[in-house]
Amino acid sequence: MMVKNALPVQSLPVFAYLYIVKALTLLLLTALLCALPCTAADNIYAVVISGGRGKLYNHERYWNDCSFLYRTLRHVYGLSGEHVTLLMADGDDPATDTLLEGAGGLVSQPTDLDGDGSADLHLAATAANVSQLFDRLATTLTADDHLFVYIIGHGERTPHGDVHLWLWNNERMNAAELSMLLDRCHPATMNIVLGQCHGGAFADQLKGERRIITAACAADQLSWASADRPYDEFVYHWTCAIAGHDEQGRGVEADLDADGRVSMSEAYHYACSHDRRPETPCLLSWPEDLAHRWSFSGMGDGSAVRSITTDDDKTPIYDLQGRMVKNP
């Protein structure tokens with residue numbers, strides 16, 4: 001399949017130039033990452049959902065968030081492309097669907113997320129596609145598999161406290177509906193990262209046994225974009241942690257216990273310590289030690305939890321309402 005053009009060069013040459021620079025950067029980073037050893041468990045499946053709502057709301061940073069994560073899953077951890085499903089805005093429809101940061105203007109999101117010249121994105125983030133995907137996973141996943149779900153974009157909370165996720169073309173999916181879809185699947189574990197506004201309220205309804213939920217903000221809070229880069233603040237640092245580098249390829253150190261793997265607890269603590277925006281991330285885990293054991297390198301036995309030292313102990317822990325439950 002042809003990779004969807006990011007931008008018509010003849011009509012917007014400045015924007016086209018910016019996307020060419022971005023594509024070259026992705027190629028260089030992909031080459032670097034491909035040279036690193038791949039250590040992922042081969043029984044991890046990943047779902048990436050970026051609803052966008054509509055082209056005037058679907059910010060470029062959402063694509064950047066998903067691209068960074070996708071490159072990490074595929075080229076740092078070696079997840080099979082068949083195990084990673086992307087549902088983003090209008091999918092591979094060539095119509096404009098993305099609002100550029102800063103300079104403004106609308107483009108059609110690239111379908112090549114890792115800069116290798118092949119289309120990675122095909123599915124639109126519609127309610128029907130999301131439902132069909134989890135129906136398929138319900139028959140695919142076994143008790144030996146692990147499911148990772150990553151959600152970015154817009155979340156909204158009503159005055160009555162109900163929350164929903166904005167999908168493409170102004171479709172909405174409330175937390176109860178999303179919970180029912182997840183409940184159809186019965187993997188060994190489920191790891192969910194919520195980057196949208198009011199993520200803590202979603203987490204409260206998605207919680208369950210053998211699940212980890214990380215949310216960028218508390219139930220009554222907005223999640224924020226980064227102040228100095230076209231990414232969302234918390235999930236950007238979270239992805240840096242599991243990738244071992246930032247978006248420019250500069251190394252970061254999130255392996256607090258130096259056991260050679262970044263657990264979900266370590267990724268959370270790294271992101272919290274680098275988050276500079278007015279949001280209160282939260283981490284929930286059932287059982288409690290699952291977040292310490294779960295990593296994209298495979299499931300640990302939890303024995304390293306006790307060796308995590310002062311940096312971990314200095315990170316406050318909050319509940320879903322943003323109330324501090326641990327004060328170092």
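Select C197 first: at 13% relative accessibility, C197 counts as buried. Keep in mind throughout that this is a predicted model.

**Stop 1: the cysteines**

Stay on C197 and show its sulfur. The closest cysteine sulfur belongs to C217, and the gap is 5.8 Å, too far for a bond. A disulfide here would need the two sulfurs within 2.5 Å.

C282 is buried, with a relative accessible area of 0%. The disulfide count comes to zero.

**Stop 2: helix 5**

Select residues 199-206, which form helix 5. Six of these eight residues are buried, so the helix is largely enclosed by the rest of the structure. Colour the buried ones: G199, G200, A201, F202, A203 and L206.

What covers them? Show strand 6 (155-157), strand 7 (163-166) and helix 4 (175-183), which are among the covering elements.

**Stop 3: K207 and D204**

Select K207 and D204. They form a salt bridge, with the closest N and O atoms 3.2 Å apart. Buried or partly exposed? K207 is partly exposed at 44% relative accessibility. D204 is partly exposed too, with a relative accessible area of 37%.

**Stop 4: E247 and R229**

Move to E247 and R229. This salt bridge has its closest N and O atoms 3.9 Å apart. The pair links distant parts of the chain, 18 residues apart. E247 sits in the loop between helix 6 (233-243) and helix 7 (264-274). R229 sits in the loop between strand 10 (211-215) and helix 6. E247 is buried, with a relative accessible area of 12%.

**Stop 5: R250 and D246**

Finish with R250 and D246. Their salt bridge has its closest N and O atoms 2.7 Å apart. D246 is buried, with a relative accessible area of 9%.

To see the rest, display every salt bridge. How many are there in the whole structure? The search finds twelve.

Technical notes:
Residues are numbered from 1 along each chain as its sequence is written. This is a predicted model: local features need pLDDT of at least 70, side-chain atom pairs count only at pLDDT 80 or more; totals for chains, interfaces and linings use all residues. Side-chain values use heavy atoms; hydrogens and water are left out. Buried means under 20% relative accessible area, exposed over 50%, partly exposed in between (1.4 Å probe, protein chains only). A salt bridge is a side-chain nitrogen of Lys or Arg within 4 Å of a carboxyl oxygen of Asp or Glu. Helices (H or I, at least four residues) and strands (E, at least two) are DSSP runs, numbered from the N terminus. Contact means heavy atoms within 4.5 Å.
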